[in-house]
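Hi,

Here is the structure I promised to send over.

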Amino acid sequence: MSNKALIIGGSNGIGLAIGHQLLERGYEKIHVLDRSDPPSDFKDKIDFTRFNLLSDDYSILNQFTDINTLVVTAGFGRIALFEDITDAEIINGFKVNSVAVCRIIRHFYQRIVDNKDFYCCVTGSIAGLISSPMFAVYGATKASVCKFIESINIEIEKAGSTNRVLNLSPGLIKGTRFYGNENNPEELRGLAEEMIEKMLKKESLFIPFYEEIYKDVITRYQTQPDQFGKESYDYKNQSDHRKSTKPQFTIGYLSGTFDLFHIGHLNLLKRAKEYCDYLVVGVHKNALHKNKTTFISFEERLEIIKSIRFVDKVIQSYKEDTDAYKEIKYDYLFVGSDYNGSDRFNKYEDYFKDKAVKIIYLPYTQRTSSTQIRNLIDSANI
């Protein structure tokens, strides 16, 4: 039987390392779902699909009908006092770290409880097994995952299946982008190999370095949870990771007139949200910059864009997108692909050279445009 895997979060960290190891083990196909691109040397060997776990629509999972291995490693969090955590981090953290896991497992559950071999691993965290001050929200999202896996494994066993969902619950591991570092699959090679062995043996819990480190950690927590929590607080308070972290969500920005709203506009917003956690849309007050007039009032266009589920915030656009950056500090600037190479965006490319901003040129929907609709209206003499 040929082995085929789906890795959700496989562009980075442990997911990336697992992908490399599964390829070395002779897996026929590796599918990767992730919001960010995998390294080019890995992307050439896999089937990559861009997907944001913040999406409401998980129908993309329907296409993976022939896999027998499922790995979910996507997740994020940061060391910070709860008072410094933003609402967006709380909401997105539970959506990505917890809700997404339940939805994904639910989708593949019938294959997991089947009599045929199905291998599955989900990344929990040691923070989900112990008290973790300054990691309160992240720990809460991972605690829900750990209890979820523990509980459904009982249901799977009672259903008569030998399959199990492996809870991979590491502590701090090197070679990932979790604390702003770079991906290093080779540094994670040993951990990935061990995790795969545990998954193929259908074990239910794997805590890396358990005997060396975490057995004592968990014992101290269970014996004196309050004292353990205080010591954990003091340790994190002195950690370099706390000093270097910032809110763990990416902001995207795009601007447009959005007159005569159509499917092309909707696709543009949908594609933009695939890249970021929080999408800000600037709406032009008018279309004078294109020597055109608008059919729909500014106020109504604002309301239309506000109602789109891919959009998190709507503002009146700035004169230049670089002016918007000074206020919003976005990570991505989105624009239609026909602007690529234009004088305006060549200037933007130069402006962002020394800033952590990536310009994404998104393809337009063919056969549908505001210009076509305008021409139809004009030809009808409306």
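Helix 3 lies across strand 1, strand 4, strand 5 and strand 6 of this predicted model, and its direction makes about 165 degrees with that of strand 4. Helix 4 lies across strand 5 and strand 6, running at about 155 degrees to strand 6.

These two helices also pack on one another: helix 3 (residues 87–112) and helix 4 (residues 136–158) have axes 9 Å apart, at an angle of about 15 degrees. Angles under 35 degrees count as roughly parallel, and helix 3 and helix 4 are therefore roughly parallel to each other. The crossing of helix 3 past helix 4 is right-handed. If you want to click through the contact, residues on the helix 3 side include Ile90, Phe94, Val101, Ile105 and Tyr109, and those on the helix 4 side include Val137, Thr141, Val145, Phe148 and Ile152.

Now the sheet under them. It is an open sheet of 7 strands with parallel pairing, in the order 3-2-1-4-5-6-7. Strand 3 and strand 7 (205–206) are the edge strands, each pairing on one side only. Going through some of the pairs:

- Strand 1 (residues 4–8) runs parallel to strand 4 and is joined to it by 4 bridges, with Ile8 opposite Val72 of strand 4.
- Strand 4 and strand 5 (residues 119–123) pair in the parallel sense, again over 4 bridges, and here Val72 has Val122 of strand 5 as its bridge partner.
- Strand 5 and strand 6 (residues 165–168) are also a parallel pair with 4 bridges; Cys121 is partnered by Leu166 in strand 6.

Strand 4 (residues 69–72) is worth a look from the side. Thr69 and Val71 point one way, Leu70 and Val72 point the other way, and all are buried.

Leu53 is in the loop between strand 3 (47–50) and strand 4. Buried or exposed, with a relative accessible area of 10%? The cut-off for buried is under 20%, so Leu53 is buried. Beyond its neighbours within four places in sequence, Leu53 is in contact with Ile8, Tyr58, Ala74, Val96, Ala100 and Ile104. Leu53 and Val99 are 46 residues apart in sequence, but their C-alpha atoms are 9.2 Å apart in space.

The other one is Ile130, in the loop between strand 5 and helix 4. Ile130 counts as buried too, because its relative accessibility is 14%. Leaving out neighbours within four places in sequence, its contacts are Val217, Ile218, Tyr221 and Phe228. From Ile130 to Ser151 there are 21 residues in sequence and 18 Å in space, C-alpha to C-alpha.

Val217, Arg220, Tyr221, Gln222 and Thr223 of helix 6 make the contact with Pro225, Phe228 and Glu231 of helix 7.

Strand 11 and strand 12 pair in the parallel sense over 5 bridges, and Phe334 has Ile360 of strand 12 as its bridge partner.

Last stop is helix 11 (residues 321–328), whose buried residues are Asp321, Thr322, Ala324, Tyr325 and Ile328. Why do they lie on the same side of helix 11? They cover an arc of only 150 degrees around the axis, which puts them there. Their cover includes strand 8 (251–256), strand 9 (278–283), strand 10 (313–316), strand 11 (332–336) and helix 12 (343–351). Just after helix 11, Lys329 has a positive phi of about 55 degrees.

Cheers

Notes. Residues are numbered from 1 along each chain as its sequence is written. This is a predicted model: local features need pLDDT of at least 70, side-chain atom pairs count only at pLDDT 80 or more; totals for chains, interfaces and linings use all residues. Side-chain values use heavy atoms; hydrogens and water are left out. Buried means under 20% relative accessible area, exposed over 50%, partly exposed in between (1.4 Å probe, protein chains only). The arc is that of the directions from the helix axis to the C-beta atoms. Contact means heavy atoms within 4.5 Å. Two strands pair if DSSP finds at least two bridges between them. Axes are lines fitted to C-alpha atoms, for helices over the stretch in contact, and angles run from 0 to 180 degrees between N-to-C directions. Angles under 35 degrees count as roughly parallel, over 145 as roughly antiparallel, 65 to 115 as roughly perpendicular and the rest as oblique. A crossing is left-handed if the near helix is turned anticlockwise from the far one by less than a right angle, and right-handed if clockwise.
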